[in-house]
Amino acid sequence: MPALSDRSFNPKAWGKLGLYAIGLGVVATLVWASSIFFEKFVENPRLLEKRFNDPVGRVGMTSTRIAHLGSAAVPTLVGDMERGSAAERSKSLELLSGIDDPRVVPTLAAALKDGDAGVRLTALAGLGRTGKTEAAAVLWTLTQSDDDMLRLRAIIALGLCGNESDLAKLIKAAQATDGQERSLFAWSAGRLQRRLASLKANADKPEIAGYVPPAPEYTSDEQIHARQVDIDVLLADIEAGKDILQNGVKLNELTDVGFATWNQGHQIAVQVLAVRGPERAFASAGDALPMEPVKPTAQKLQLDEKPPQPAP
């Protein structure tokens with residue numbers, strides 16, 4: 001055991017130790033820098049090259065990883081608006097809507113003027129997905145559109161991203177309209193109230209803040225009919241202008257199809273019908289997609305019969 005008076009670890013030894021430490025630090029820095037370089041200039045570009053692998057409305061590992069790239073993916077996705085096909089533009093808009101970046105909402109807003117209807121609808125759904133106040137401001141302009149498809153879906157999307165100031169506007173808009181649009185504005189006001197309550201109650205839990213559970217599932221024809229009766233009563237009260245604020249909440253609780261999913265466009269489209277109640281929604285879908293059997297032609301089957309040939 002060395003004595004306390006041992007002076008073998010002299011300043012020269014300390015200097016060598018310091019050099020070793022500096023060398024290890026340089027190596028660690030080079031490794032870190034090389035990993036950053038590889039991720040930025042090799043791995044991320046390779047991933048973005050696969051951005052169209054998942055079709056619109058579908059989420060796979062590629063879409064999830066691109067969304068996790070965040071702002072690093074935005075320039076490429078925004079660039080697709082100038083050079084991609086309609087399907088590619090739609091997919092890029094869908095991916096953009098899942099990224100928190102100041103360039104996202106302006107890009108989605110500009111895409112509402114795209115010449116392709118599918119791209120416009122994807123942009124509308126993307127605005128709702130962002131949950132941002134500035135997205136709601138864009139959607140309000142669509143509530144005056146002559147395009148029924150855009151207008152009705154925009155009303156639904158407002159319930160996904162509006163704030164306190166939008167709530168008063170939704171009630172006012174409901175009072176200024178009637179029929180289906182009044183019920184949609186009331187539904188949107190109801191969902192917005194539930195969303196704001198969730199944001200407040202779960203402020204310390206960002207993973208669930210703003211989450212609104214869908215309507216309870218029904219498992220029998222009796223439950224479907226009972227739900228329809230309850231919804232019909234609510235719709236009648238809303239049409240009569242009775243307590244739209246609270247009846248909107250009840251309507252949302254009974255008809256919300258759920259939006260904790262990647263395919264926001266599909267859910268918004270379904271919600272436009274679901275506000276009417278399950279029986280009426282099914283009837284509407286049936287009217288739009290008639291499944292009548294094909295009428296018989298009354299023609300007899302003709303066989304091209306040939307006389308038997310003699311054996312050679």
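A salt bridge is taken here as a side-chain nitrogen of Lys or Arg within 4 Å of a carboxyl oxygen of Asp or Glu. The structure is a predicted model, in which local features need pLDDT of at least 70 and side-chain atom pairs count only at pLDDT 80 or more, whereas totals for chains, interfaces and linings use all residues. Residues are numbered from 1 along each chain as its sequence is written, and side-chain values rest on heavy atoms, with hydrogens and water left out.

By the rule above, ten salt bridges are counted. One of them joins R151 to E181, with the closest N and O atoms 2.8 Å apart. This pair links distant parts of the chain, since R151 lies in helix α8 (residues 148-161) and E181 in helix α10, 30 residues apart; helices (H or I, at least four residues) are DSSP runs numbered from the N terminus. R151 counts as buried because its relative accessible area is 13%, the classes being buried under 20%, exposed over 50% and partly exposed in between (1.4 Å probe, protein chains only). A salt bridge also connects the side chains of D232 and R280, at 3.1 Å from N to O. Here too the pair links distant parts of the chain, with D232 in helix α11 and R280 in helix α14, 48 residues apart. D232 is partly exposed at a relative accessible area of 25%, and R280 is likewise partly exposed, at 46%. Salt bridges that share partners join D148, R151 and E181 into one network. The side chains of R103 and D101 meet in a further salt bridge, at 2.8 Å from N to O, in which R103 is partly exposed with a relative accessible area of 37%, while D101 is buried at 6%.

Two aromatic pairs are present, a pair being Phe, Tyr or Trp rings (for Trp, the six-membered ring) whose centres lie within 6.5 Å, with planes under 30 degrees apart counted as stacked, over 60 as edge-to-face and the rest as tilted. W140 and F185 form a stacked pair, at 6.3 Å centre to centre and with 15° between the planes. The two residues belong to distant parts of the chain, W140 to helix α7 (residues 133-142) and F185 to helix α10 (residues 179-201), 45 residues apart, and both W140 and F185 are buried.

Pockets were located on a 1 Å grid over the protein atoms alone, as open sets of points where a 1.4 Å probe fits, with protein on both sides within 12 Å along at least five of seven lines, and lining residues have an atom within 4 Å of a point. The largest pocket has a volume of about 410 Å³, and of its 17 lining residues R129, L160, R195, G210 and F259 are the closest to its centre. Helices α6 (117-130) and α10 each supply at least two residues of this lining. The second largest pocket holds about 320 Å³ of space and is lined by 18 residues, with Y218, T255, V257, V270 and A274 nearest its centre. Two or more residues of that lining come from each of α11 (221-239), α12 (244-255), α13 (264-274) and α14 (278-288).

Definitions and conventions:
Points joined across faces, edges and corners; volume = space filled by probe spheres on them.
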